[in-house]
Amino acid sequence: MSNIECAFPFNEYPHVLLAHGGGGKLADDLIRKLFAATFGDVNRHDGALLELPPSKLVMTTDSFVVTPLFFPGGSIGKLAVCGTVNDLAMCGARPKFLSLSFILEEGLPMEILLQVCQDIKSTADACEVSIVTGDTKVVERGKGDGIYINTTGIGSLINKFTGPETILEGDAIILNGDLGRHGMAIMAQREGLEFEPEIESDCANLWADVKKITQAGVPIHCMRDLTRGGLASCLNELSAQASRKIHLESSAISISEPVGSACEILGLNPYTLACEGRFVLFVSSEYKEDAMQLMGPAAACIGYVGEICEQATVINTNELGVERFMEQPNGDLLPRIC
Amino acid sequence: MKYQEEFRDSRKVRAIVAQIRKMTTKHWRVMEVCGGQTHSILKYGLDELVPAGLEFLHGPGCPICVTPTEVIDLALELSMRETILFCSFGDMLRVPGSKEDLLSLKARGANIQMVYSPLDAVKLAKDHPDKEVVFFAVGFETTAPANALSVLHARQLGLRNYSILVSQVLVPPAIEGLLRNPETRIDAFLAAGHVCTIMGEGDYERLVENYQIPIAITGFEPVDILEGLRSCVDMLETGKVALENQYKRSVRANGNPAAQQALKEVFEVKNQRWRGLGELSKSGLGLNEKYQEYDAARKFNLNAGHKKETGNCISGEILMGLKKPTDCPEFCNRCHPQNPLGATMVSEEGACHAYYLYKKRGAHNHEQHRMRLSI
C-alpha cells in the first residue's frame with residue numbers, strides 16, 4: 001500500500017452516508033478530500049478529454065464484487081485495476097486510461113474506502129495507466145457488500161489484435177506460473193480455513209510481462225488470463241473459439257504445495273480454481289524458449305495446439321501418462337464429503 | 001500432504017501394473033465400493049493401464065449418489081421454512097431432488113448454509129437460538145461418527161434447536177445385497193480403507209467367510225488401488241479366498257473403537273432405500289430411541305414417502321456391475337452433470353459423472369498408453 005497523505009476529515013464523517021452519493025455537498029467533499037487527494041487532480045466535468053494515440057484502440061470493462069475486500073496478496077482495489085489492465089494486455093494493447101465507478105454501501109468505514117483507493121492508485125501507477133473519470137453511488141445499508149467497483153479500460157493496440165482466431169496448430173502453450181492461489185486464498189478467508197503457510201493471491205499486473213514479450217518482437221498468436229474457472233475454463237473456451245484441440249502435460253503444470261494440499265482436503269480441482277495473475281501465451285514453437293525466458297523462471301510450456309475439432313476438447317496427459325479430458329468446470333466450487 | 005506423492009509415483013505404478021499383467025491369466029471382474037476410489041480410477045486412468053482382461057466394476061460407493069430422491073425432497077422442504085437454517089456439505093447442494101436442488105432454492109432465498117463439519121452446524125445452532133438448525137446427515141460409516149458426535153455435542157450443550165436429517169448408509173449390507181443377487185458377476189471386491197478405518201475388518205471377514213469371495217481393503221491413491229487389485233488378482237489366480245489389508249497405514253483390525261462407540265450410542269441399524277438400488281435390508285442408520293428429539297424428520301413431522309426413479313436410467317445396473325456408463329444411450333446426451341437422470345451422474349464420485357469428466361468420448365488409444373509406459 002502506498003503512503004499517500006489524505007486530508008479527509010474522518011472525525012467528521014467516519015462512515016459513508018447516503019448523502020455521499022447524493023450529488024450535494026457531501027459528494028463534493030468526498031471527491032475533493034478523498035478521491036482528489038488520492039488520485040491527484042481529477043477531471044470535474046462530465047467527461048474526460050483524452051489524447052488518443054494514432055493506433056487502434058481496445059476497450060474492455062469488468063466489475064469487482066469480491067469479499068473479503070482485503071485478502072492475502074491483494075484487495076478489491078488492486079484487483080479492480082489489474083483485472084481490466086490484464087484484459088487489455090491480453091488483447092495486445094498498452095493500457096492507457098481507466099474509468100473507476102464505485103457502488104458503496106451506506107455505513108462503510110471511510111478508512112476502508114481510503115485504503116482501497118490507495119491500492120487502486122499504487123496499482124494504476126505500476127500499470128502505467130491513468131484514471132481519467134469516475135462515479136460514486138451509495139446504496140442503503142444491507143443492499144451492498146461494502147464496495148463494488150467497475151472499471152472500464154482503454155488501451156492502444158501495439159501490433160495486432162491477438163485473439164483465438166489467430167491460434168495455429170502446433171502452437172506452444174506457455175503458462176507464467178503456478179495455479180489456484182487466488183481462488184484458494186479467497187476461499188480460505190471466506191470460510192475461515194487456516195493453512196500454514198498462508199496462501200496468498202497471485203493477483204498481479206500482467207502488462208509488465210506482455211510489454212517485455214512484445215518489445216522483444218515475439219509474434220504472439222493469442223494470450224488469455226486465467227480468471228474464474230481457472231485453466232480448465234480458459235482452455236476449454238479457447239479450444240471452442242479456435243476450433244482446435246488442446247493437448248496438455250500435467251507434469252509441466254505447477255501447483256504450489258499449500259494450494260495442492262488445500263485442494264486435497266476440500267476435494268477441489270486446482271485446474272478449476274481462479275487465478276488473477278496468470279495467463280497462457282500461444283506462440284509458434286520456434287519462439288517458445290524466447291517467450292519463456294521473457295516470462296520469468298516460473299514460466300513453463302504446458303502443452304500444444306492440436307488438430308481441428310468441432311467442440312471444446314482439452315486433453316491432459318496425467319502423471320501416469322494416461323490421456324484424460326479436462327472438462328469445463330460447472331462454475332461453483334463445492335467441497336466434497338469424502 | 002507430501003505423503004501422497006509416493007502413492008502417485010509413476011515408477012511404482014508401472015512396477016505394480018507390470019506385476020499384475022504378469023499374474024493375470026483370466027478375465028476377472030473386481031468391484032470397488034467407494035466413490036473416492038471410482039473417481040481416482042477414472043482420474044488417473046487406472047482402468048486403461050491394467051491388462052484388458054481385468055475389469056473394474058464401480059459399485060454403490062458414492063453416498064451422495066445413493067441418497068434417495070425423497071430424502072432430498074425433504075431437505076428442500078425443510079430449507080424453505082422460514083424458521084429453519086438448513087446446513088449441508090457442499091456437494092449435496094447441487095444434487096437434484098424430484099424437481100430441483102438446494103442451490104436453486106438458496107438462490108430463491110432459502111436459508112441454506114454450506115458447512116465443512118456437522119460440528120459447525122451445532123455452533124450455528126448455539127449462535128442462533130431463534131433458528132432451528134438442521135444438518136443433512138448423509139454418508140457412509142465415515143461421516144456417521146461426526147454426525148453422531150454432533151448430536152452428542154448438542155445434547156451436552158442443552159441445545160433444543162439442533163436436529164439432523166438422516167440418510168446414513170452402510171457398506172457391508174450393500175456388498176451382501178450384490179452378492180445375493182443372482183444376476184451379478186463379481187469376482188472380488190476392493191473395500192474402502194476409510195470405512196474400515198472406522199469399522200475395522202470384522203464385517204468383511206464375515207463376507208469373505210459367508211460368500212467365499214476375496215476382498216482387499218485399500219486406499220484411494222493410484223498405488224493403493226493397484227496394490228489392492230494386485231492382491232485380488234493374486235488371490236483369484238491362486239484360488240485363495242481371504243481378506244487382505246493393503247491399507248495398513250490406516251486400518252486396524254478392530255477399527256476405531258471411540259467412533260464405533262459414538263455410533264452405537266446415537267444410531268441404530270435400519271432398512272434403508274438407496275437411489276438406484278432400492279431398499280436393502282439393515283443397510284442404514286437412524287437415530288435410536290434415546291435421541292429421537294434430534295431426528296429432523298420426526299421433529300418437523302415429515303414423511304419421505306417413495307419417489308419413483310426415472311424410467312430409462314440404468315444406474316441401478318451400473319451400481320450392480322452389470323453395465324458401464326457408456327452402455328447407456330442417454331449418457332452424454334440427455335444425461336450429463338447439469339441434467340443428471342440418475343444416481344451415478346449426480347456427484348463427481350458417481351461412475352457416470354467420473355466417466356463424463358475424464359473419458360466421455362472414449363477417444364483414447366489404450367495401446368498407445370501402454371507403449372508410453374513401456375509395460
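This is a predicted model: local features need pLDDT of at least 70, side-chain atom pairs count only at pLDDT 80 or more; totals for chains, interfaces and linings use all residues.
I started in the sheet of chain B, where B:Ile215 sits opposite B:Leu243 of β9(B).

**The strands**

B:Leu243 lies in β9(B), so I looked up how that strand is held, going by the general point that strands of a sheet pair through backbone hydrogen bonds. Strand β8 of chain B, residues 215–218, runs parallel to β9(B), and 3 bridges join them. Next I traced the whole sheet: 5 strands of chain B, open, paired in parallel, in the order β2-β1-β7-β8-β9. Which strands stand at the edges? They are β2 (54–58) and β9 (243–245) of chain B; each has a single partner strand, so one side of each has no neighbour in the sheet. From one strand to the next I get an average twist of 25°.

**Two helices**

Then I checked helix α8 (residues 144–156) and helix α13 (residues 257–266), both of chain B; their axes come within 9 Å and cross at roughly 60°. That angle is why I call α8(B) and α13(B) oblique to each other. Their crossing is left-handed. I listed who makes the contact: α8(B) brings residues including B:Ala148 and B:Leu152, and α13(B) brings residues including B:Ala262 and B:Glu265. By type, I have 10 nonpolar, no polar and 1 charged in this contact.

**Where the chains meet**

How many residues does each chain put into the contact? Chain B gives 35 and chain A gives 19. On the chain B side, helices supplying at least two residues each include α1 (10–23), α2 (35–44) and α18 (366–373). I sorted that side of chain B into 15 nonpolar, 11 polar and 9 charged residues.

Terms used: Residues are numbered from 1 along each chain as its sequence is written. Chains are lettered from A and ligands numbered from 1 in the order in which they are written. Axes are lines fitted to C-alpha atoms, for helices over the stretch in contact, and angles run from 0 to 180 degrees between N-to-C directions. Helices (H or I, at least four residues) and strands (E, at least two) are DSSP runs, numbered from the N terminus. Angles under 35 degrees count as roughly parallel, over 145 as roughly antiparallel, 65 to 115 as roughly perpendicular and the rest as oblique. A crossing is left-handed if the near helix is turned anticlockwise from the far one by less than a right angle, and right-handed if clockwise. Two residues are in contact if their C-beta atoms, placed from the backbone, lie within 7 Å. Ala, Val, Leu, Ile, Met, Phe, Trp, Tyr, Cys and Pro count as nonpolar, Asp, Glu, Lys and Arg as charged, and the others, Gly among them, as polar. Two strands pair if DSSP finds at least two bridges between them.
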